[in-house]
Amino acid sequence: MDFALGPSEKAIQEAAREFARRELVSGAMRRDEEASFPWPELRRLWDAGYLGFTIPERWGGAGADLLGHTLALVEIAKADAALAVLMEVHNTLHAAAVLRWGGEDLKDEVLPRLARDRLGAFALTEPQAGSDAAAIETRAVQEGDLWRLTGQKAFITGAGEADYYVVFAQTDPARGHRGITAFEVPKDAPGLSFGPPQAKMGIRAAHTGAMFLDGVPVPDAWRLGAPGEGFRVALALLDQGRVGIAAQALGIAEAALEKAVEYAGRRVQFGRPIGHFQGIRWRLADLATEVEAARWLVYRAAWLLGQPGRHTADVSKAKLFASQVAVKAALEAIQIHGGYGYMREYGVERLLRDAKITEIYEGTSEIHRLVVADELLGRLAAGPGAK
Ligand SMILES: Cc1cc2nc3c(=O)[nH]c(=O)nc-3n(C[C@H](O)[C@H](O)[C@H](O)COP(=O)(O)OP(=O)(O)OC[C@H]3O[C@@H](n4cnc5c(N)ncnc54)[C@H](O)[C@@H]3O)c2cc1C
């Protein structure tokens, strides 16, 4: 058993830390306030290789594995969780879909663009199908070499901004979740339109919105996987994606802990830094312990996905725990900052607003408990659609 990161992993971590401090930290508060889509920062992420990080070098990517991606993502999230979710969706939910399930021509066409300057998104959720993703109603009907997609998607990260969308649609409704198929859809496809960005609590720069499909034509060559294989595609992608969200949560938790420790060392009350008081010391000690535990669950889940077999419950444990720790760490950081923590300028209230979403998207905490319980007890009650 080896708990140490190897030299290449340490190098990835240090480079991402340095990049995030230099390029991303100072503007995070402004991006949150303005809620403007962060194209300038995304371009820097492309230039530094983080968008397309897991795309093999032959298509212009950095060829990193999931653990390397996780280490980099934690550092990006520590600086700006909104950028982290865009990176996570682009790499683990979009590029990974094209890489694993796309045909060779599609890969040659799209992967170099994703590695260079085109953003990818993931469109599974619908207004009536959230946790129960198997209940999607978007239809894809085959017409010769084309499919025509009609329906509506909800809560899509990067909707209207991203250049390509992995879209899940029913091709054989009688077969339920076995009738779902995945497609690669470019933003400029006829019949595709988007709602405006929705006002939201946190990760405000990473726009979220609806997507409308009205007979959108998609060539059969842009199908991802076999007809009816889409639900399996979604679940496999979400295993990786959820490690990404767990990494995002870990980054937020680490940022909160660092800010709390730093403030406890310099804020003087009763003639001493507040870090001298046991009430503060114990809080910090508990938090540091939980952040450490989250870190190892997240690293382990990322490592496991590179090993044979299915590791869905291990991923769920990591995401469930890391997201809880992120919310708790942000709350504790606010408390340790006292009244200043409640003010925007100290940057800890943003951590709380950003942390909360990690308990909701890519499977709510309740759904992850179902996955873990299923592994412990067997599938007694949960349906196949649990996302
Ligand atoms: C900011 C943001 C970005 C997102 N980005 C994307 C994206 O890019 N692509 C995409 O496809 N989706 C995206 N989503 C959708 C997200 O994955 C869903 O919101 C999430 O899966 C929950 O679905 P829901 O919101 O419909 O809640 P529901 O499924 O309606 O759940 C409501 C409540 O009921 C609970 N619940 C549901 N079923 C059970 C059960 N069986 N047992 C116990 N409790 C249960 C849930 O845990 C939750 O507390 C995004 C959402 C948000 C908010």
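This is a predicted model: local features need pLDDT of at least 70, side-chain atom pairs count only at pLDDT 80 or more; totals for chains, interfaces and linings use all residues.

Residues are numbered from 1 along each chain as its sequence is written, and side-chain values use heavy atoms, leaving out hydrogens and water.

**Helices 4 and 5**
- Helix 4 (residues 66-79) packs against helix 5 (residues 81-101) at about 155°, with the axes 7 Å apart.
- That angle makes helix 4 roughly antiparallel to helix 5 (the label for angles over 145 degrees).
- On the helix 4 side, the residues that meet helix 5 include Leu66, His69 and Ile76, and their partners in helix 5 include Met87, Glu88 and Asn91 (contact means heavy atoms within 4.5 Å).
- The residues of this contact split into 10 nonpolar, 3 polar and 1 charged.

**Helix 10**
- Helix 10 (residues 348-356) is mostly covered, with 7 of its 9 residues buried (under 20% relative accessible area, 1.4 Å probe, protein chains only).
- Among the buried ones are Val348, Arg350 and Asp354.
- Their cover includes helix 2 (28-34), helix 4, helix 5, helix 7 (230-266) and helix 9 (312-337).

**Lys153**
- Lys153 sits in strand 3 (residues 146-157), and counts as buried because its relative accessibility is 0%.
- The Lys153 side chain makes a polar contact with the Glu126 side chain at 2.8 Å (a pair of N or O atoms within 3.5 Å, one able to donate a hydrogen and the other to accept it).
- Leaving aside residues up to four places away in sequence, Lys153 touches Thr125, Ile136 and Phe168, among others.

Terms used: Axes are lines fitted to C-alpha atoms, for helices over the stretch in contact, and angles run from 0 to 180 degrees between N-to-C directions. Helices (H or I, at least four residues) and strands (E, at least two) are DSSP runs, numbered from the N terminus. Angles under 35 degrees count as roughly parallel, over 145 as roughly antiparallel, 65 to 115 as roughly perpendicular and the rest as oblique. Ala, Val, Leu, Ile, Met, Phe, Trp, Tyr, Cys and Pro count as nonpolar, Asp, Glu, Lys and Arg as charged, and the others, Gly among them, as polar. Buried means under 20% relative accessible area, exposed over 50%, partly exposed in between (1.4 Å probe, protein chains only).
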